[in-house]
Amino acid sequence: MAINTSLSLALSQEELFVGMLHLKVETMPGLDLGIFKELDEHQTSLMMGVAERALLARGFLRPDQRGDLQLEPAIKGLLYACTFPDKSLFVTRTRPEIGPEEYFFHTYRRMFVMHSIPVTAIHQFIAVEEKNATAKAVLSILNLTTLPKPDWNGGQAELAIFEKARDVAMEKGIDEAIKVLSQTSLNKETTKILAQTLVLPIANTTFAYINHRDNSHPPQGFTILQGKNELWLIEPIEDPKDELISIMPVSSEDIIKRVKTLLIN
């Protein structure tokens, strides 16, 4: 099974755990399989036996000349890229009344791997050779509507105040959210519009980018808050005294450019 332009596969949580054991690793960036550490020796043996048979049946595990089980090379390469990536982009998207959706994007040399969990305990992997495919996948998660450049201004706020306004908006409504946001540098118009977004958000999507090969550059990150008719770019501001964030109204095109710039790094 050779990777030409793409490779797609789905693994159960147990199959992924066994695959990682064949790589002799226990962790993958952004992923916690600690649940398996709670199993006793008998449970672990039973689980691994079932998962290994499933991998054998699918051709993902094969016996070598000595009879030892080995991961199929393309599958091994895909999991290796996720376990020892050069760079990673973690995307967490939260929508009202829907649990967080997590997506992991990894690059290793010329391989780009998109990892998601579409169903509980099922891991979907898609490996491609074109970075543009990754950018399209990231933008498709946002599901942006076309919104023009807003004509209201942004500002700064303490993170704690913004988080309080978010919680108050969901619990007590727009008027109480406006009272909390009035403690920030945002003007009255922006405060009202932001409070409206916090009361009826479409989605909240957080991006975290890490270059695993260059420790001189700290992780980068920002959040996109989507309302019905507005988009906000929220990102931390380095400040020695307070945890400050920048809150800027942006257009759909601004978001597209920002995401693509992040992926180019």
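## Basis

In this predicted model, local features need pLDDT of at least 70 and side-chain atom pairs count only at pLDDT 80 or more, while totals for chains, interfaces and linings use all residues. Residues are numbered from 1 along each chain as its sequence is written, and side-chain values use heavy atoms, with hydrogens and water left out.

## The sheet

Ten strands make up an open sheet with antiparallel pairing, in the order S1-S7-S6-S5-S4-S9-S10-S11-S12-S8. Strands (E, at least two residues) and helices (H or I, at least four) are DSSP runs, numbered from the N terminus. Two strands pair if DSSP finds at least two bridges between them. S1 and strand S8 (155-158) are the edge strands, each pairing on one side only. From one strand to the next, the twist averages 20°.

S5 and strand S6 (residues 111-119) run antiparallel and are joined by six bridges. His 106 stands opposite Val 113 in S6.

## Two helices

Helix H1 (residues 13-22) is largely enclosed by the rest of the structure, because seven of its ten residues are buried. Buried means under 20% relative accessible area, exposed over 50%, and partly exposed in between (1.4 Å probe, protein chains only). Among the buried residues of H1 are Leu 16, Phe 17 and Val 18. The buried residues of H1 pack (contact: heavy atoms within 4.5 Å) against strand S1 (6-12), helix H2 (41-57), strand S3 (69-71), H3 and strand S7 (122-128). Just after H1, Lys 24 has a positive phi of about 65°.

Helix H5 (residues 159-172) lies across S8, strand S11 (231-237) and strand S12 (244-250), at about 85° to S8. Axes are lines fitted to C-alpha atoms, for helices over the stretch in contact, and angles run from 0 to 180 degrees between N-to-C directions.

## Aromatic pairs

The whole structure holds five aromatic pairs. Rings of Phe, Tyr and Trp (its six-membered ring) pair if their centres lie within 6.5 Å; planes under 30 degrees apart count as stacked, over 60 as edge-to-face and the rest as tilted. Tyr 80 and Tyr 108 are edge-to-face, because their ring centres are 5.4 Å apart and their planes at 65°. Tyr 80 is in helix H3 (residues 73-83) and Tyr 108 in strand S5 (residues 98-108), so this pair ties together parts 28 residues apart in sequence. Tyr 80 is partly exposed at 34% relative accessibility, whereas Tyr 108 is buried at 17%. Ring pairs link Tyr 80, Phe 84 and Tyr 108 into a cluster.
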